[in-house]
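Hello,

Here is the structure I said I would pass on to you. Please open it alongside this message, and my notes on it follow below.

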Amino acid sequence: MTAMQARYNILFLCTGNSARSIMAEAILNGKGRPVFTAYSAGSHPSGAVRSEALKLIEMAHLPTGGLRSKSWEEFAKPGAPQMNFVFTVCDNAVQETCPIWPGQPMTAHWGVPDPATVRGTAEQIERAFREAYLILERRIGLFLGLPLASLDRLAIQKEINRVGRE
């Protein structure tokens with residue numbers, strides 16, 4: 001990363017790529033363009049995006065077109081976009097052996113409770129998805145507020161780790 005870089009690619013990782021990482025992709029693409037382009041993937045993608053996640057994204061007036069559950073292997077292949085940042089948003093993905101990402105992106109763990117595992121009433125499930133969405137939205141807002149162009153790699157790493165603990 002250079003101090004004068006004008007664009008950044010970010011990959012959000014989770015195991016299933018059906019809820020948290022998808023929501024993070026949509027939030028960052030909605031709030032961070034044209035400086036940031038977000039992607040999401042999973043180590044073991046479920047193959048489907050959860051309807052509860054799509055509903056929250058739509059309610060925030062963010063585009064849902066192109067959102068799909070996909071493998072992180074897509075982003076480790078030649079010709080894939082080079083990532084500047086890779087954030088894990090679930091505890092399972094942080095413990096897995098990740099592919100080697102070209103360009104040595106900065107990484108951080110931004111763990112968020114998995115709303116897809118919540119069992120209960122429709123209201124309880126909806127609340128779990130809403131809480132996950134709000135955590136991601138807050139962290140992405142903090143990330144977008146970082147003066148990346150004026151920080152060195154060590155300072156950026158410290159800040160993205162801090163964002164994950166917020």
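A residue is called partly exposed when its relative accessible area falls between the 20% under which it is buried and the 50% over which it is exposed. Glu-126, with a relative accessible area of 40%, is therefore partly exposed. Please keep in mind throughout that this is a predicted model.

Let me stay with Glu-126 for a moment. Its side chain meets that of Arg-130 in a salt bridge, 3.5 Å from N to O. Glu-123 is exposed, with a relative accessible area of 59%, while Arg-127 is partly exposed at 34%. As background, an α-helix has 3.6 residues a turn, so residues three or four places apart point the same way.

How many salt bridges are there in the whole structure? The search finds 11. Some of them join up: Arg-138, Glu-159, Arg-162 and Glu-166 are linked in a network of salt bridges.

One more salt bridge deserves a look, between Glu-25 and Lys-70, with the closest N and O atoms 3.7 Å apart. This pair links distant parts of the chain, 45 residues apart: Glu-25 belongs to helix α1 (residues 20-32), and Lys-70 to the loop between α2 (51-59) and β3 (85-88). Both Glu-25 and Lys-70 are buried.

That brings us to α1 itself. This helix has 13 residues and reaches 17 Å from its first C-alpha to its last, close to the 18 Å expected. Because 11 of its 13 residues are buried, α1 is largely enclosed by the rest of the structure. The cover over those buried residues includes β1, β2, α2 and α4.

The largest nonpolar core has 40 residues, and the members that touch the most others are Ile-10, Phe-12, Phe-85, Phe-87, Trp-110, Phe-143 and Ile-160. Helix α4 gives this core its largest share, 7 residues. A second, separate core of 7 residues includes Leu-11, Leu-13, Trp-72 and Phe-75. In soluble globular proteins, nonpolar side chains tend to be buried together.

Leaving aside residues up to four places away in sequence, its contacts include Phe-12, Phe-87, Arg-139, Phe-143 and Val-163.

Phe-12 and Trp-110 form a tilted one, 6.2 Å centre to centre with 55° between the planes. They lie 98 residues apart, Phe-12 in strand β1 and Trp-110 in the loop between β4 and α4. Phe-12 is buried at 1% relative accessibility, and Trp-110 is buried at 0%. Phe-85 and Phe-143 have ring centres 5.1 Å apart and planes at 85°, so this pair is edge-to-face. Here strand β3 supplies Phe-85 and helix α4 supplies Phe-143, 58 residues apart. Ring pairs also link Tyr-8, Phe-12, Phe-36, Phe-85, Phe-87, Trp-110 and Phe-143 into a cluster.

Best wishes

Terms used:
Residues numbered from 1 in each chain as written. Predicted model: local features only at pLDDT ≥ 70, side-chain atom pairs only at ≥ 80, totals over all residues. Heavy atoms only, no water. Salt bridge = Lys/Arg side-chain N within 4 Å of Asp/Glu carboxyl O. Helix = DSSP H or I, 4+ residues; strand = E, 2+ residues; numbered from the N terminus. Buried < 20%, exposed > 50% of the residue type's maximum accessible area, 1.4 Å probe, protein only. Core = buried A, V, L, I, M, F, W, Y, C linked by side-chain atoms within 4.5 Å. Contact = heavy atoms within 4.5 Å. Expected span 1.5 Å × (residues − 1). Phe/Tyr/Trp six-rings, centres within 6.5 Å; stacked < 30°, edge-to-face > 60°.
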